[in-house]
Amino acid sequence: MSAASGDCKSAFERYLSTERQLSPHTVRNYLYELKRAEGLLPAPVIWPEIRREQLQQVLINLHRRGLSPRSLALCLSALKQFGEFLLGEGQIAANPAAGLSAPKQHKPLPKNMDVDAVSHLLALEGTDPLSLRDKAIMELFYSSGLRLAELAGLNLSDLHRGQAEVKVMGKGSKERIVPVGKYALAALEAWLAIRAGIGCEDEALFVTAKGKRLSHRSIQARMAKWGQEQALAVRVHPHKLRHSFATHMLESSADLRAVQELLGHANLSTTQIYTSLDFAHLAKVYDGSHPRAKKAKAMKTKDK
């Protein structure tokens with residue numbers, strides 16, 4: 001049976017969905033990239049006979065067509081996954097895509113909101129249930145630097161009000177405990193008083209008016225709405241508050257490893273993306289911390 005046949009692709013789709021447990025969106029993307037690669041290979045395409053050099057040429061051709069590094073990385077990932085599948089099926093002796101690499105993606109520096117803008121956003125004065133819920137959501141995002149999926153997945157039992165902490169399930173099912181600030185706690189108390197009167201289907205911390213767990217998209221839409229209503233110049237979304245939390249923490253403490261722990265980053269290099277501190281702040285930290293800087297400052301004062 002040819003590995004490019006419909007039966008094999010169906011088996012590959014089941015492999016991605018069942019064994020790899022990838023999302024339907026990712027599975028569709030991989031199948032699309034596989035089809036696109038086939039269109040650039042010599043016909044008829046017999047996958048067990050495809051060589052590494054041919055796959056490298058596919059990536060080169062896609063690059064020449066103007067595909068972004070992100071799109072090329074997705075195509076390569078699909079080829080590698082298909083190679084692993086064929087390897088597991090015993091149709092090939094080695095994965096021809098295993099040694100290939102895609103161009104490096106340039107990570108854009110996320111933009112944060114300044115402290116005044118965040119304060120203005122969180123100063124919303126609505127007293128209806130949805131406004132109180134949304135205020136608690138945004139306060140918690142900014143107070144604890146949570147990811148969207150982390151906040152949406154919170155249950156009532158994850159919030160420890162007495163200890164001012166929240167238990168978060170992060171990437172890779174890694175659990176961490178993060179502090180919750182007093183403003184976020186106050187907003188959560190106001191929301192929980194309302195939530196108690198809603199017939200909820202589960203233990204979700206944040207629910208809709210009908211008691212269902214609030215979806216990722218609903219949280220994003222509500223935050224964008226409040227950004228517009230508060231007349232902010234930037235689009236408000238969960239990651240912007242997470243980045244603002246990280247940036248403001250670093251500006252105040254310059255403790256990169258502490259912020260790494262709070263954000264739940266496995267690698268310090270990921271946290272360093274958030275170190276977009278202005279030069280004046282860096283100079284101030286240097287003057288107050290570096291032994292030579294202190295000595296030079298003292299000598300300058302003495303000369304006067």
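Eleven salt bridges turn up in this protein chain, and they make a handy way into the structure. The model is a predicted one, so please read each distance below as a computed value.

**Salt bridges**

- D134 pairs with R133, and their closest N and O atoms lie 3.0 Å apart.
- Both members of that pair, D134 and R133, are buried.
- E229 and K225 also join through their side chains, with 2.9 Å from N to O.
- Why can these two side chains of E229 and K225 be about one helical turn apart? They sit four residues apart in helix α9, which covers residues 216–229.
- K225 is partly exposed, because its relative accessible area is 26%, a value between the 20% limit for buried and the 50% limit for exposed.
- Some salt bridges share partners, and in this way R133, D134 and R222 are joined into one network.
- D158 and K167 form another salt bridge, at 3.9 Å from N to O; that distance falls within the 4 Å cut-off for a salt bridge.

- Where is D158 found? D158 belongs to the loop between α7 (148–152) and β1 (159–160).
- D158 is buried, because its relative accessible area is 11% and the cut-off for buried is under 20%.
- K167, the salt-bridge partner of D158, is partly exposed, with a relative accessible area of 27%.
- The D158 side chain also reaches a backbone atom, namely the nitrogen of N155, at 2.8 Å.
- Which residues does D158 touch once its neighbours within four places in sequence are left aside? The contacts are G153, E165, V166 and K167.

**The sheet**

- Three strands make up an open sheet in the order β1-β2-β3, and the pairing is antiparallel.
- β1 and β3 (175–179) are the edge strands, each pairing on one side only.
- As a general point, strands of a sheet pair through backbone hydrogen bonds, in either a parallel or an antiparallel way.
- Two bridges link β1 to strand β2 (residues 165–169) in the antiparallel sense.
- On this side of the sheet, H160 stands opposite E165 in β2; E165 is also one of the contacts of D158.
- Between β2 and β3 there are five bridges, again in the antiparallel sense.
- Here V168 stands opposite R176 in β3.
- β2 and β3 form a hairpin with five residues between them. In its turn, G172 has a positive phi of about 70 degrees.
- Which residues of β3 are on its covered face, and which on its uncovered one? R176 and V178 are on the covered face, while E175, I177 and P179 are on the uncovered face.

**Y30 in helix α2**

- Y30 lies in helix α2, which covers residues 24–38.
- Is Y30 buried or exposed? Y30 is buried, because its relative accessible area is 8% and buried means under 20%.
- Leaving aside neighbours within four places in sequence, Y30 is in contact with L16, L22, L74, S77, A78 and Q81.
- One of these contacts, L74, is 44 residues away from Y30 in sequence, yet the two C-alpha atoms are 7.5 Å apart in space.

**Cysteines**

- How many disulfides does the structure hold? The count is zero.
- C75 is buried, with a relative accessible area of 0%.
- C200 is partly exposed, with a relative accessible area of 25%.

**The chain as a whole**

- The secondary structure comprises 14 helices and three strands.
- Of the 304 residues in the protein chain, 38% are buried.
- The chain has an accessible surface of about 17500 Å², and carbon and sulfur atoms account for 53% of that surface.
- Looking at contacts between residues at least 6 apart in sequence, 57% join residues that are at least 24 apart.

Note on methods:
Residues are numbered from 1 along each chain as its sequence is written. This is a predicted model: local features need pLDDT of at least 70, side-chain atom pairs count only at pLDDT 80 or more; totals for chains, interfaces and linings use all residues. Side-chain values use heavy atoms; hydrogens and water are left out. Buried means under 20% relative accessible area, exposed over 50%, partly exposed in between (1.4 Å probe, protein chains only). Contact means heavy atoms within 4.5 Å. Accessible areas come from the Shrake-Rupley method with a 1.4 Å probe; for residues, only the protein chains shown count as cover. A disulfide is a pair of cysteine sulfur atoms within 2.5 Å. A polar contact is a pair of N or O atoms within 3.5 Å; within protein, one must be able to donate a hydrogen and the other to accept it, and residues adjacent in sequence count only if both atoms are side-chain atoms. Two strands pair if DSSP finds at least two bridges between them.
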